[in-house]
Amino acid sequence: MKEHVREKECGAPKNGYGDLALDAICAVDSESRCVSVSGACQSIFGYTPAEMVGKRMLDLVHPDDRGRTQQAIDRVMGGHLQRYFENRYIRKDGKVVYISWSASWSEDHQLRIGVARDITQRKSDDGELLPPHLLPESVSCWQLSASPRRLIAPDGASISLSRQDHIVLLALMSGGECVTRRTIVEALNKDFLEYDQRRLDTQMRRLRRKVKEACSSLLPVSTLRSIGYRFYGKTKILR
């Protein structure tokens, strides 16, 4: 009876209910090694909590996401609260899972506390990921589809495009090493001499932001000062 009262006073029953949580709660040291993990650890990462302890969390991150993940870690270590950071992890079984993280650094305990939720299904339901049966055999390049209008990232994320987005990307992806501003403006069926060049820069910023928000990759377009643009990623145009 006294033990039951003590558990109620602590506010957390000691009977494993935490393992039913949707989220995994990870404590990581300053070297990014997992110290402890609870909740939905195994269902998210495929590892048991015991297997997770001692692992460097960054080693489990998808290679394409490690750079920006390290940047997010640096911000957290600098004292900033990180909310809803999305990246991909490689599960124990080799499958890719999309995770939404919120994390903060505890100076007193010298630990980074992160709460992870699997959002793979949500991304699929929202149309941000292509269903497996619609993925090409090997998605290793940026693919542009005309019907429906969409850009498919190398990680399989599907990004809906407006008609103008599609025209601009088609010109960029089929134009070689350098696509001039005139080429893009004329593809839009506009008069180059009367077209406000600042609109192109705004268009590029908007496209980059749209891609960044939809997937883990950055749109591989570089600006060639006073000339135009270059799409430097591997591409495939779907008719």
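In this predicted model, the sulfur of Cys 41 lies 6.4 Å from the closest cysteine sulfur, that of Cys 26, which is too far for a bond. The count of disulfides comes to zero. The strands form an open, antiparallel sheet of five, and helix 5 lies across strand 3, strand 4 and strand 5.

**Cysteines**

- A disulfide is a covalent bond between the sulfur atoms of two cysteines.
- A pair of cysteine sulfur atoms has to be within 2.5 Å to be counted as a disulfide.
- Cys 41 is buried, at 0% relative accessibility.
- For Cys 34, the closest cysteine sulfur is also in Cys 26, at 5.3 Å, and this is too far for a bond.
- Cys 34 is buried, with a relative accessible area of 3%.

- The order of the five strands is 2-1-5-4-3, and their pairing is antiparallel.
- Strand 2 (34-39) and strand 3 (82-90) are at the edges; each has a single partner strand, so one side of each has no neighbour in the sheet.
- On average, neighbouring strands of this sheet are turned by 25° against each other, direction ignored.
- Strands of a sheet pair through backbone hydrogen bonds, in either a parallel or an antiparallel way.

**Strand pairs around strand 4**

- Strand 4 (residues 96-106) and strand 5 (residues 111-118) run antiparallel and are joined by eight bridges.
- Opposite Ile 99 stands Asp 118 of strand 5.
- Strand 3 and strand 4 also run antiparallel, with seven bridges between them.
- Phe 85 has Trp 101, in strand 4, as its bridge partner.
- The hairpin of strand 3 and strand 4 has five residues between the strands, and Gly 94 in this hairpin takes a positive phi near 90°.

**Helix 5 against the sheet**

- Helix 5 covers residues 66-77 and lies across strand 3, strand 4 and strand 5.
- The helix runs at about 145° to strand 3.

**Ser 32**

- Ser 32 sits in the loop between strand 1 (23-28) and strand 2.
- Ser 32 is buried, since its relative accessible area is 7% and the limit for buried is under 20%.
- Leaving aside residues up to four places away in sequence, Ser 32 touches Lys 55, Arg 56, Met 57, Ile 73 and Arg 112.
- With Arg 112, there is a polar contact between the side chain of Ser 32 and the side chain of the arginine, at 3.4 Å.

Terms used: Residues are numbered from 1 along each chain as its sequence is written. This is a predicted model: local features need pLDDT of at least 70, side-chain atom pairs count only at pLDDT 80 or more; totals for chains, interfaces and linings use all residues. Side-chain values use heavy atoms; hydrogens and water are left out. Two strands pair if DSSP finds at least two bridges between them. Helices (H or I, at least four residues) and strands (E, at least two) are DSSP runs, numbered from the N terminus. Axes are lines fitted to C-alpha atoms, for helices over the stretch in contact, and angles run from 0 to 180 degrees between N-to-C directions. Contact means heavy atoms within 4.5 Å. Buried means under 20% relative accessible area, exposed over 50%, partly exposed in between (1.4 Å probe, protein chains only). A polar contact is a pair of N or O atoms within 3.5 Å; within protein, one must be able to donate a hydrogen and the other to accept it, and residues adjacent in sequence count only if both atoms are side-chain atoms.
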